[in-house]
Amino acid sequence: FHISIVVERPDGRQIAKPVELRVMVGDANDNRPTFPQAQYHTVVKELAARGTEILTVQAADNDDPKTDNVRIFYRLVGQIPESPRALFRVDRDSGVISVQADSMEGTAPQYTLTITAEDAKGKYKGWAFLKKL
């Protein structure tokens, strides 16, 4: 915004030159990250080795791209059915979901993972459905 301030006497004559103010409004962290699709589906091979990338989830944030308000972090917050060992992991920065277990042998035929995308203010949940071959 540009604001011009003029100081006048009661008769309307200016006392001093106008002062120009420039007000810049910064971006507020007013948008939460969102996934372009609510569900992701993929297939995992039973012989997939630890570290095998199986899916990438990507969220977007409509805040100003020149600010840190658009930095998104991913987190795996749930798995159905549950397992006593960690089968999957999501990279915090990239959204890459990979196999965490040494072996997928003997695990359930299908899993539903709940992934959150978070910025400094808001979170959004997405689901990844994994089916085993």
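**Surroundings, charges and core**

Biologist: Which residues does Asp61 touch, not counting residues up to four places away in sequence?

Modeller: This is a predicted model, in which local features need pLDDT of at least 70 and side-chain atom pairs count only at pLDDT 80 or more, whereas totals for chains, interfaces and linings use all residues. Residues are numbered from 1 along each chain as its sequence is written, and side-chain values use heavy atoms, with hydrogens and water left out. Contact means heavy atoms within 4.5 Å. On that basis, the residues touched by Asp61 are Asn29, Asn31, Arg32, Pro33, Asn69, Val70, Ile72 and Asp119.

Biologist: Where in the chain is Asp61 found, and how far away is the nearest side chain of opposite charge?

Modeller: Helices (H or I, at least four residues) and strands (E, at least two) are DSSP runs numbered from the N terminus, and Asp61 is found in the loop between strand S4 (53-56) and strand S5 (73-80). Asp61 is buried, that is, under 20% relative accessible area, where over 50% is exposed and anything in between is partly exposed (1.4 Å probe, protein chains only). Lys and Arg count as positive and Asp and Glu as negative, with His and the chain ends not counted. Asp61 has no salt bridge, and the nearest side chain of opposite charge, Arg32, lies at 9.2 Å.

Biologist: How many salt bridges does a search of the whole structure find?

Modeller: The criterion is a side-chain nitrogen of Lys or Arg within 4 Å of a carboxyl oxygen of Asp or Glu. Among the pairs is Asp11 with Arg13, whose closest N and O atoms are 3.1 Å apart. The search of the whole structure finds a total of 4.

Biologist: How many residues apart are Arg50 and Asp102?

Modeller: Arg50 and Asp102 form a salt bridge with their closest N and O atoms 3.0 Å apart. The pair links distant parts of the chain, with Arg50 in the loop between strand S3 (39-44) and S4 and Asp102 in the loop between strand S7 (96-99) and strand S8 (110-118). Arg50 is partly exposed at 47% and Asp102 is exposed at 62% relative accessible area. Their separation is 52 residues.

Biologist: Why is the pair of Phe88 and Tyr111 described as it is?

Modeller: Rings of Phe, Tyr and Trp (its six-membered ring) pair if their centres lie within 6.5 Å; planes under 30 degrees apart count as stacked, over 60 as edge-to-face and the rest as tilted. Phe88 and Tyr111 have ring centres 5.5 Å apart and planes at 70°, so the pair is edge-to-face.

Biologist: Which residues form one aromatic cluster?

Modeller: A search of the whole structure finds 3 aromatic pairs. One of them, Phe35 and Tyr40, is edge-to-face, at 6.1 Å centre to centre and 80° between the planes. Phe35 is buried at 7% relative accessible area, and Tyr40 is buried at 7%. The members of the cluster are Phe35, Tyr40 and Tyr74.
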